[in-house]
Each structure stands twice: as C-alpha cells, then as structure tokens.
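Open the model in a viewer and keep the selection tool at hand. The tour goes stop by stop, saying what to select and what is there.

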Amino acid sequence: MPAGQIVVLILLGLAGCGSARQAQAETADLTPGIRSSFMPRGQAGLDRLEQSEMQRLCSRAQPQELPARVKQRLQREALDSVRYPEDRRWLGDWQRGEQIAQSGVGLQYSDSAEAARGGNCYACHQISGTEIAFGTIGPSLYRYRQRNGDSIDSMRRTWARIWNAHAFNACSPMPRFGDAGILTPDQIRDLMALLLDPQSPVNR
Amino acid sequence: MAVGSSAARRVAATLAMLALTAAWTGSVAADPFATYREMLGEDNPAELAVARGQELWNTPRGPNNASLADCDLGLGPGVVRGAYAKLPRYFADTGSVMDFETRLVHCMISIQGFTRHELTERPFSERGARQTDLEVLTAYVAAQSRGAIIDVPQRVRQERESLARGRALFYRRAGPYDFACATCHSAEHRRIRLQELPDLTGAEGARSAFEHWPAYRISQGAVRTMQWRMADCVRQQRLPQLVFGSQVSIDLITYLGVLAKGGAMDAPSLRR
C-alpha cells in the first residue's frame, strides 16, 4: 500500500470517530504497554501477565453485573475443575493446617521457589478464635463446623471452595488454591481439618 | 546535622516508650503507628532525606556539572513549589505522560548527563543502606508541595488515555493468585491482617494514599517513593517486577492522582 494511502486512512480514522475513540479509551487495550512494563524476576515470569478467560471476564468494577449465563458458566467450569480426594479422606492435621493458614510464603518473586507455600488464609479471614491479627476481605470462618455441619456435602463444598472458589461465587476474589496449584491436595486436607475437625481451635 | 541527632534521639525515645506502654498495658493498640506518629511530631526522619535532597538538587553534578535548578517539572524551569501535586502530566518535550520520578530521571539525564541505566538500575535503597539520590530528591520535591491541592491534569488526550489505562489496570486480574489492585482496594474498612487497606475506588481513599507518598516507612527505616509503592503492591500481586518509570506504573499513579483531586499533599509522611 502506498504511503499516501496509509496517511489518508489514518486521517479518515481520526476524523471519523471521536466518540468511538473515547469509548475505546474507556475499555483501554492494555496489551501493548503491559509486557514492556515488567521484567521477569525470580519465579515470576512474564507469562503471568497473560490472562485466562475467567481473569479477563472478572477484570471489572462490578463483576456481579455480568450476565447470569456468563456467571453460571464460570461457576460450572470452576466446579468441573475440582479434583476431590480419591480416598475420600477429607480431613488431615489441623495443626499443620494452622501453620499453612498463617504462612504468607508463596509465588512472590521475593519468595524462594523451593520453600513450602502457605495459604495466607489469615490475611483475609478470621479463623481460630485466638489469632487476632486477621484480615476482613473474606468472611469469618470461626466456628466453621458449627455453622456448616460435617456432612459429606459440607465436606465436598468446603473442598471445592478451597480448590476453586469460583465454583459457588463467580469472580470470587479468593485465589484458586487447588486449581492454580498453589497448595497440594495434602495441604488442602490439613486446611479442611482446621475448619472441620472437632478438635480444631476453630470449633472448640 | 542538629536536626538529625535530635530526630534520632526522639525516635529512640519513642520506641522505648512504645515498648514500655505495650508491656505495661499488655494490650495491642488499634493503631500503634498512630501513637508513634503523634509522638514523633515534627521529627519525621524523612526530614533528613528532604535536607539531603535539597542539597543534591542545588549542587552542580554529573558529567555536565549542572544542578537541577532548571529542571521543568511542569510549572516551568526551576519551579519546584507545588509541582509534585500536579503530576503525572503530559510533557510536550518528551511527548509522554510522566510522573514525578520519571520526570526527575529525565532531568538528570538531559541536564546533568547521567545515564538512564545508572539512575534506574537500583532506584530504591536496599534495607539498611543509604537512601538513593532518586529517593532523597523525591522527598525534597514532594516536601515543597506540602499543603498544595492535588490537581493531576486531564487536559490532553495522552493524559486521558493514561487515566483510562490506569483504571483498567486497577481492575485487571492476572497471575497465579488472580489478583487485581481492586481485589484488596475496592471496599471501605477492609484489612489484610491488621493493616487497613485504603479503598482506591473513591476520592477519600485515593487522597489518603496520594497525599502521603513519598513516605518514611517505619517498618523499613527508609523513605519510600510512589514508584516503590506501586512496585511492591505488584510484587504481592504475584506479578513479575514492575519496571521503574514504566507505562503501567505511570498509568496507575495517574489513576490514583486524578481520583485524589482536591486532596492536600502532606508528604513525606510517616507510614507503617
């Protein structure tokens, strides 16, 4: 294409759609500037900048205003992602679970890639009655067993929530601890015990 | 250095008193840092950085042996007072939107002859190490906007595009934890552990953030800048390293600054 033609096309583009450009700015295309704004460091590579479809759909001020069918699809896909324990052993060791809930180590470039990861649950949730340094982004999980019961259905739902919280709450702010491979199934078992073991300080 | 030694003594005395108070009452105050700030009063250790920054600003340095007295921060060459409260903004000479720190680097390159690499390879001081030139210069210039009303402009297309990108970035979820800035900063009165999180979707929260950076971070024993604040949030977001002065960093600061319009600068402040 001759250079003159390109110029004409550009001018037409500029003249023709002031309001369209405004709208475009509102839903800014971030892709060009993003990759050049980051450097790989430690365990955090540039691949982390790419968005999954869920991340893209949930990147908005009011994700609850997504169409109901979209939210239902996100929840169905999240529920399908859950891998339940094959041996049906739901509960591990609540004391190890407490350590996992306390630890904020994991997946930051400042974290060792070899170090055991935590769930950092206390960052957002009240859990045991004795830890007062808890965050309030998520709901309180104190007295979890009393509030949710210990039926198989309750076990399954709790496991699924930890594995992929979008299963019941599309665009949940909570990380997908199982689905994203942040915690191992054994660690999730220990967190399950923290929430559901009658001996756990959450329930005693 | 009289200010320095007196400030250091007051800090030591305050820490000792805080420890005593905590032991005495056996309780955890809702915000022990508020008490600490109150006790420090005028003696913000950041004043040391401000003084050093002022000296650096006015000293001929670099290959060109020039001071920064002619640096144009948006209000004309040499005008420092009130400039920080009106940044980021579009600069015709570079054809881009720049926040204060990016503009500072531009001046140090174009006027003093430093290289970008030597200025931005390590923009922030390591823990316990001497503050970098960029940090003390930022503390100095921010201090010259104390009381100035935040007025980050939206006059030209590039400034409006920066805001639009910044807002979209604020809500953009990515990384292994699916975090956006909004994950933690989109509701009032939320905490991570005991740390209060500003709601950065509204003017009140945005002002409380923008007014107070750069800040002397008590937990780090150092002045930290807005670029540092952005990069360290992004680290906790589990994303890769945010590049100093990158478009994403400037767009996020533009978003925050425009939202904070009308607030009054009070930096460098004291922060946890």
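Two residues are in contact if their C-beta atoms, placed from the backbone, lie within 7 Å. This is a predicted model.

**Stop 1: chain B as a whole**

Select chain B. With contacts counted in that way, residues 24 or more positions apart account for 69% of the contacts in chain B with a separation of 6 or more. Chain B has 11 helices and eight strands. Of its 272 residues, 45% are buried.

**Stop 2: chain A as a whole**

Now select chain A. Nine helices and one strand make up its list of elements, and along the sequence they follow the pattern α-α-α-β-α-α-α-α-α-α. Chain A has 204 residues, and buried residues make up 35% of them. For contacts in chain A with a separation of 6 or more, 58% come from residues 24 or more positions apart.

**Stop 3: where the chains touch**

Show both chains. On the chain A side 39 residues are in contact with 34 residues of chain B. To find the chain A side, select α2 (18–26), α3 (31–35) and β1 (38–39) of chain A, the elements that give two or more residues to it. Colour that side by residue type: 23 of its residues are nonpolar, 11 are polar and five are charged.

Next, select β1(A) together with strand β7 (residues 241–242) of chain B. The two strands run antiparallel and are joined by two bridges. Which residue of β7(B) is the bridge partner of M39(A)? Q241(B) is that partner.

**Stop 4: helix α3 of chain B**

Select residues 46–58 of chain B, which form helix α3. The helix has 13 residues and reaches 19 Å from its first C-alpha to its last, close to the 18 Å expected at 1.5 Å a residue. Its buried residues are A46(B), L48(B), A49(B), V50(B), R52(B), G53(B) and W57(B). As a guide when looking along a helix, an α-helix has 3.6 residues a turn, so residues three or four places apart point the same way.

**Stop 5: L68(B)**

From α3(B), move along to L68(B), in the loop between α3 and β1 (89–91) of chain B. Is L68(B) buried or exposed? L68(B) counts as buried because it has 24 C-beta neighbours inside 10 Å, where 20 or more are needed.

Leaving aside residues up to four places away in sequence, L68(B) touches W57(B), C107(B) and I111(B). W57(B) is one of the buried residues of α3(B) from the previous stop.

**Stop 6: helices α4 and α6 of chain B**

Select residues 100–110 and 133–143 of chain B, which are helices α4 and α6. They pack at an angle of about 115°, with their axes 11 Å apart, and the crossing is right-handed. From α4(B), the contact takes F100(B), E101(B) and L104(B); from α6(B), it takes L134(B), L137(B), T138(B) and V141(B). By type, the residues of this contact are five nonpolar, one polar and one charged.

Keep α6(B) selected. How many of its residues are buried? The count is 11 of 11, with D133(B), E135(B) and Y140(B) among them. What covers the buried residues of α6(B) includes α3, α4, α5 (116–120) and β6 (222–224) of chain B.

**Stop 7: the three-stranded sheet**

Follow β6(B) into its sheet. The sheet is open, with three strands in the order β6-β5-β8 of chain B and mixed pairing. β6 and β8 (269–271) of chain B each have a single partner strand, so each stands at an edge with one side left without a neighbour in the sheet. From one strand to the next, the twist averages 40°.

Select strand β5 (residues 215–217) of chain B with β8(B). These strands run parallel and are joined by three bridges. One bridge to look for pairs R217(B) with R271(B).

**Stop 8: helices α9 and α11 of chain B**

Finish with residues 203–210 and 247–259 of chain B, helices α9 and α11. Their axes are 8 Å apart and the packing angle is about 115°; the crossing is left-handed. Six of the contact residues are nonpolar, one is polar and none is charged.

Terms used
Residues numbered from 1 in each chain as written. Chains lettered and ligands numbered in written order. Predicted model: local features only at pLDDT ≥ 70, side-chain atom pairs only at ≥ 80, totals over all residues. Helix = DSSP H or I, 4+ residues; strand = E, 2+ residues; numbered from the N terminus. Nonpolar A, V, L, I, M, F, W, Y, C, P; charged D, E, K, R; others polar. Pairing = 2+ DSSP bridges. Expected span 1.5 Å × (residues − 1). Buried ≥ 20, exposed ≤ 12 C-beta atoms within 10 Å, placed from the backbone. Axes fitted to C-alpha atoms, helices over the stretch in contact; angles between N-to-C directions. Left-handed = near helix turned anticlockwise from the far one by under 90°.
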